Amino acid sequence: MTLRLFDSGTSSLRTFAPLRPGHVGIYLCGPTVQAPPHVGHLRSAVVFDQLRRWLQIGHDLDVTLVRNITDLDDKILVASQAAGVPWWAWAARHERAFADAYRMIGILPPSIEPRATGHTAEMLTFIDRLIARGHAYRAGGEAGDVYFDVSSWPDYGSLTSQETGTLRGDEHTDQATEKRDPRDFALWKSVLSDAATGTASTAGAAWASPYGPGRPGWHLSCSTMILRYLGESFDIHGGGLDLRFPHHENEQAQSRAAGYGFARYWMHNGWVTSSGDKISKSLGNATPLDDLLQHMRPLDLRYYLGSAHYRSNLELTDSALRAATAAMRRIEDFITRSTNHSRRTADAEMLPVAFRNALDEDLNIPTALAVLHDEVRRGNTALAQHDARAGADTLDAVLAMTGVLGINPRDSPWDESTATPPHAERAVEALVAQALNQRAQARAAGDFRTADRIRDELDAAGIVLNDSESGTTWGFTEGRTS
Ligand SMILES: [Zn+2]
């Protein structure tokens with residue numbers, strides 16, 4: 001029951017022990033809502049959804065997962081002005097698109113989903129603290145920017161194991177020229193410096209401050225929301241590999257320079273790639289989600305996104321999507337065929353040891369999936385051999401494993417789109433039970449013609465009977481249900 005995670009802060013596998021026994025605090029850098037989501041955005045959400053489920057189900061931990069929304073940055077300002085709508089309307093529209101996409105692929109809702117712009121007052125307090133401790137400075141006179149002073153923090157670069165002298169500046173947030181050092185990054189961005197550097201008009205995107213009207217920097221917003229919702233020290237900080245530098249390096253530097261312990265473990269997920277390149281809006285290689293979902297169900301997409309090791313890249317190809325769809329169908333077919341054996345609960349005690357061991361070793365999903373498919377094969381063999389007990393045990397294990405992976409077809413949201421409505425299922429169960437009863441009576445009376453006729457009629461309806469010493473069970477005939 002020991003969970004080991006690869007801590008990308010120390011580049012080592014470490015035994016995971018939460019700060020507070022029984023509880024885990026996770027912060028996941030959420031989307032910048034400048035455009036609708038593409039498949040690349042959803043991978044990070046799936047990876048940390050799997051981690052969360054494993055901590056909850058496999059380790060009985062109470063997880064607080066904070067996933068923020070960056071609802072204001074330069075890209076949102078530029079895109080909203082080009083579209084002729086206020087930045088907040090632009091952000092809200094895409095925030096809803098992300099929420100819809102997360103829900104559609106079965107991501108459990110975060111415990112808290114804070115928006116960056118709701119924390120401006122706290123960010124100003126954070127800046128004051130950094131200035132008072134000698135780690136930030138004002139530039140540009142009365143109304144100016146505030147920067148983090150990288151040279152004041154010798155630990156800078158430690159997260160990404162870089163020599164700070166060779167680090168480049170921060171392209172995401174900084175255009176200003178008044179920095180003392182190109183590595184310094186903006187904590188507060190003045191409206192006036194925006195005007196001077198030609199950034200899109202910030203009308204309606206400025207707050208009063210001791211440093212003149214402006215808005216907080218992106219990195220600072222995450223550090224502030226972490227402090228607010230998870231405290232000075234917390235367990236796991238997650239995000240995509242591309243966020244390690246400069247975003248996470250800067251988050252860690254400013255939080256630790258402010259005197260806080262910050263993240264105890266870092267986890268970074270790989271990308272979705274196309275021909276080896278990261279899928280991104282800026283590279284123009286991102287297939288819109290709607291296009292993908294014309295060819296596959298959200299459950300199949302979820303399977304695909306959660307099928308690789310989280311630290312590996314996941315190549316997006318037609319054949320990979322087809323393979324994911326086929327694999328998901330094999331699991332569903334088994335569950336459907338053995339439906340009347342179900343105890344209907346995904347009990348952690350039913351998880352095979354090999355599955356547990358795989359997830360405990362840095363969430364080894366490929367190995368866990370291999371255990372799942374082995375179990376499905378075993379279950380199909382049990383059904384073919386009319387071994388009702390083995391079939392039921394296997395079904396329980398399969399339901400428990402798919403529950404951990406977020407692909408149990410009977411769980412929300414899949415049950416709405418893939419399962420038979422409960423009233424129809426109950427009606428089928430009652431009718432089949434009645435037919436089995438009549439058949440048993442016919443056999444008891446030696447009327448084998450009637451018994452065979454009932455079996456044939458059920459077979460024609462897609463229902464297969466398995467007679468064994470312990471009685472008769474039934475399932476759906478393979479192939480007729482999908
Ligand atoms: Zn962040």
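1. Buried means under 20% relative accessible area. Keep that cut-off in mind for this predicted model.

2. Start with helix 9, residues 298-305. Leu299, Asp300, Leu301, Arg302, Tyr303, Tyr304 and Leu305 are buried there.

3. Now follow Leu305. Leaving aside residues up to four places away in sequence, Leu305 touches Val39, Leu42, Arg43, Val46, Ile105, Val272 and Leu314. Leu305 is also among the residues with the most contacts inside the largest nonpolar core, together with Leu55, Ile236 and Phe355. This core has 79 residues. Helix 1 supplies the largest share, nine residues. A second, separate core has 21 residues, including Leu124, Trp153, Tyr211 and Ala253. As a general rule, nonpolar side chains tend to be buried together in soluble globular proteins.

4. Next, the zinc ion. Its protein donors are Cys29 (SG), Cys222 (SG), His247 (NE2) and Glu251 (OE). Along the chain, their spacing is C-x192-C-x24-H-x3-E. Cys29 sits in the loop between strand 3 (23-28) and helix 1 (39-58), while Cys222 belongs to helix 6 (residues 218-230), so the pair ties together parts that are 193 residues apart in sequence.

5. Are these two cysteines buried or exposed? Cys29 has 9% relative accessibility, so it counts as buried. Cys222 has 1%, so it counts as buried too.

6. Why is the zinc arrangement irregular? The angles subtended by the four donor atoms run from 76 to 131 degrees. A tetrahedral label needs all angles between 85 and 135 degrees.

Notes. Residues are numbered from 1 along each chain as its sequence is written. This is a predicted model: local features need pLDDT of at least 70, side-chain atom pairs count only at pLDDT 80 or more; totals for chains, interfaces and linings use all residues. Side-chain values use heavy atoms; hydrogens and water are left out. Donors are N, O and S atoms within 2.8 Å of the metal (3.2 Å for Na, K and Ca); water is not among the atoms, so sites may look incomplete. Four donors count as tetrahedral if all angles lie between 85 and 135 degrees; four count as square planar and six as octahedral if opposite donors are over 155 degrees apart and all others between 65 and 115; anything else is irregular. Helices (H or I, at least four residues) and strands (E, at least two) are DSSP runs, numbered from the N terminus. Buried means under 20% relative accessible area, exposed over 50%, partly exposed in between (1.4 Å probe, protein chains only). A nonpolar core is a set of buried Ala, Val, Leu, Ile, Met, Phe, Trp, Tyr and Cys residues joined through side-chain atoms within 4.5 Å. Contact means heavy atoms within 4.5 Å.
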